[in-house]
Amino acid sequence: MRLTEREIRIGAPAKVNLVLRVLDRRPDGYHNLWSLMQTVGLEDDLRLRLRTDSVGLRLHCDDPALPTDGRNLVSRAVALVLERAGLSAGRKVGFEIHIAKRIPVSAGLGGGSSDAAATIAGLNHLLELGWSAGEMARVGQGLGSDVPFFFFGPSAVVRGRGDEVAPMTLTGKRWVVLVHPGFPIDTRWAYERLSTTRKGIVPLSKALSGIAEKTALSWEDVIPFMENDFEVALAPTHRMLRDIKAELISAGAEAALLSGSGATVFGVFRDEASAVRAQGSVGQARGRRAFAVRGEGDTLSCRADMSQSLRVG
Ligand code: ATP
């Protein structure tokens with residue numbers, strides 16, 4: 001195979017969990033999850049250049065708080081792809097990757113996982129590997145439980161430890177206001193809080209099990225079922241999350257919920273104008289960052305591939 005030097009851009013969308021149930025702990029230490037996940041219109045922007053004149057990865061990120069060495073999920077994704085493709089040794093292939101970070105970090109929005117998924121999709125394209133979405137999901141699943149979802153967005157029911165993904169169609173249009181309170185929540189810590197605070201595991205309701213059988217749902221169907229097990233677990237230590245939720249509802253949200261293990265709280269709005277108003281009012285408190293975005297983000301997609309376009313999922 002002859003590789004040619006070229007560059008692509010990929011938008012890596014954030015996700016929210018419209019439902020997040022944390023079920024039993026598995027023998028491997030992870031929890032079984034049940035989640036309805038949705039990409040939203042806030043994206044990191046990745047530029048990936050394949051170089052044939054150098055080896056290794058040169059990674060740049062405009063957020064100085066993130067490492068650009070082997071700890072970055074993008075670096076780990078590159079290493080995994082090269083290993084799986086049998087290109088780790090000997091072959092003269094290098095990459096230069098620029099991450100423009102827009103998604104708040106450690107915020108329950110899956111930004112690192114989305115960057116990793118975008119990297120796998122981008123390398124699959126640049127190296128002409130021909131992997132399917134399922135194959136890419138298998139390569140990425142060890143990097144984080146949210147990674148497989150991004151290959152099947154914009155909407156999917158995700159189960160197991162994040163590796164069982166059933167895409168679905170969410171009909172209708174909504175806007176989402178993401179409110180980041182200004183502090184991160186460490187996912188591992190949030191799971192510990194959940195284990196120590198709850199008395200037992202509430203089994204999955206029949207209604208949610210029923211949702212999983214469907215291939216299409218409307219926002220109206222989903223809104224009454226929105227819930228997140230981390231909300232109760234984090235309420236005693238993070239009062240502000242409840243405050244933001246109440247403020248979003250007062251600002252006209254049809255529903256508001258914590259995303260992932262926090263700390264972002266999001267509200268669902270019928271139209272752009274009310275979302276933008278809520279962004280202005282709820283987001284103005286000191287330290288907060290708020291985004292009014294479309295309730296349906298793109299799937300991973302190349303924006304400006306000089307040669308051809310790519311879409312997965
Ligand atoms: P998770 O629940 O998987 O932790 P999250 O959405 O809460 O997801 P992320 O923004 O994905 O949080 O970041 C989680 C951790 O991953 C942080 O500690 C961060 O330093 C690390 N990380 C590594 N690479 C990246 C990246 N490219 N973007 C964001 N975070 C990254």
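This is a predicted model: local features need pLDDT of at least 70, side-chain atom pairs count only at pLDDT 80 or more; totals for chains, interfaces and linings use all residues.

Biologist: What's the phi of Ser 106 like, positive or negative?

Modeller: Positive, at about 50°, although Ser 106 is not a glycine.

Biologist: And which residues come nearest to the ligand?

Modeller: Lys 101, Ser 106, Gly 110, Gly 112 and Thr 187, out of 16 residues around the ligand. To count as near, a residue needs a heavy atom within 4 Å.

Biologist: How far is the Ser 106 backbone from a ligand oxygen?

Modeller: A backbone N or O atom of Ser 106 is 2.9 Å from one. For Gly 110 the backbone distance to a ligand oxygen is 2.6 Å, and for a polar backbone atom of Ala 107 it is 3.4 Å.

Biologist: How much of the ligand does the protein bury?

Modeller: 77% of the 600 Å² that the ligand exposes when taken alone. Those areas are Shrake-Rupley values with a 1.4 Å probe.

Biologist: Which helix gives the most to the shell around the ligand?

Modeller: H2 (residues 111–126), with 3 residues. By class, that shell has 6 nonpolar, 7 polar and 3 charged residues; Asp, Glu, Lys and Arg count as charged, Gly is among the polar ones, and Ala, Val, Leu, Ile, Met, Phe, Trp, Tyr, Cys and Pro are nonpolar.

Biologist: Where does the ligand sit?

Modeller: In the largest pocket, and "sits in" asks for more than half of its atoms within 2 Å of the grid points. A pocket is an open set of points on a 1 Å grid over the protein atoms alone, where a 1.4 Å probe fits, with protein on both sides within 12 Å along at least five of seven lines; lining residues have an atom within 4 Å of a point.

Biologist: How many residues line the largest pocket?

Modeller: 49, with Leu 143, Gly 144, Ser 145, Thr 187 and Arg 188 nearest its centre. H4 brings the largest share of that lining, 5 residues.

Biologist: Changing topic, which peptide bonds are cis?

Modeller: Gly 153 to Pro 154 is cis, with omega near 15°, and so is the bond joining Gly 262 and Ala 263, with omega about 10°.

Notes
Residues are numbered from 1 along each chain as its sequence is written. Side-chain values use heavy atoms; hydrogens and water are left out. A polar contact is a pair of N or O atoms within 3.5 Å; within protein, one must be able to donate a hydrogen and the other to accept it, and residues adjacent in sequence count only if both atoms are side-chain atoms. Helices (H or I, at least four residues) and strands (E, at least two) are DSSP runs, numbered from the N terminus.
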